[in-house]
Amino acid sequence: MYAKAVAPSELRLGEIVRRFVEEDFTLVLEAFVESKSLGLCGKVDAVALTGSEAVPIEVKLETSPEKVKRFAIHHLVQVIAYAIAVEETFRKPVKRALIVSAEGGAAFEVRVGSALREHVYRLVRELWRVVEEERLPRPTTSTRKCSACFYRKFCSRL
Ligand code: SF4
């Protein structure tokens, strides 16, 4: 919630991106992106566009690769899905994405590799199956996740 309260424009993103991207770049803030291959659309906090690549940037509370991998794998999935959508929208290759802390100081790079892409395609196929067949998805195996879940008040599994 805090991350969403901070607009990307308030974060001097240009300076942060310059630490990772050597080429000249243009920043597009709150970029609308769409992926036909995933059937999803959304708004990325920012995209850095260079002559040879596009780099999606997401503002998050978790600011280290270890924390994201251990506690917030959904952030990683979201970033990779955005990366695919950025690639299709801006027609530029996406090899990496940046996760930037809401405070604006810390940032780290996520490699957008084939294993993570495949993982996202698998999840999205499952998501569309749930929608098309109108059946409940499997409940989470970790009830710790339920405390922060948006669907908590509607969920019949609790
Ligand atoms: S509240 Fe329901 S939908 Fe949300 S994580 Fe828990 S089981 Fe899943």
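In this predicted model, helix 4 covers residues 73-90, and its 18 residues reach 25 Å from the first C-alpha to the last, which is close to the 26 Å expected at 1.5 Å a residue. Among the buried residues of helix 4 are Leu76, Val79, Ile80, Ile84 and Val86, together with Tyr82, Glu87 and Thr89; burial here rests on a count of 20 or more other C-beta atoms within 10 Å of the residue's own. An α-helix has 3.6 residues a turn, so residues three or four places apart point the same way. After helix 4 comes Arg91, with a positive phi near 55°.

The sheet is open and has 5 strands in the order 1-2-3-4-5, with mixed pairing. Strand 1 (26-35) and strand 5 (107-111) stand at its edges, and because each has a single partner strand, one side of each is left without a neighbour in the sheet. From one strand to the next, the twist averages 35°. Within this arrangement, strand 3 (residues 54-60) and strand 4 (residues 96-101) pair in the parallel sense over 4 bridges, and Lys60 stands opposite Ser101 in strand 4.

Helix 5 (residues 114-133) has 20 residues, which at 1.5 Å a residue should span 28 Å, and the 28 Å between its end C-alpha atoms agrees with that expectation. The number of buried residues among the 20 of helix 5 is 1, so this helix lies largely in the open. Helix 5 is followed by Glu134, whose phi is positive, near 50°.

Key:
Residues are numbered from 1 along each chain as its sequence is written. This is a predicted model: local features need pLDDT of at least 70, side-chain atom pairs count only at pLDDT 80 or more; totals for chains, interfaces and linings use all residues. Helices (H or I, at least four residues) and strands (E, at least two) are DSSP runs, numbered from the N terminus. The expected span of a helix is 1.5 Å times one less than its number of residues. A residue is buried if 20 or more other C-beta atoms lie within 10 Å of its own, exposed if 12 or fewer, and partly exposed in between; C-beta atoms are placed from the backbone. Two strands pair if DSSP finds at least two bridges between them. Axes are lines fitted to C-alpha atoms, for helices over the stretch in contact, and angles run from 0 to 180 degrees between N-to-C directions.
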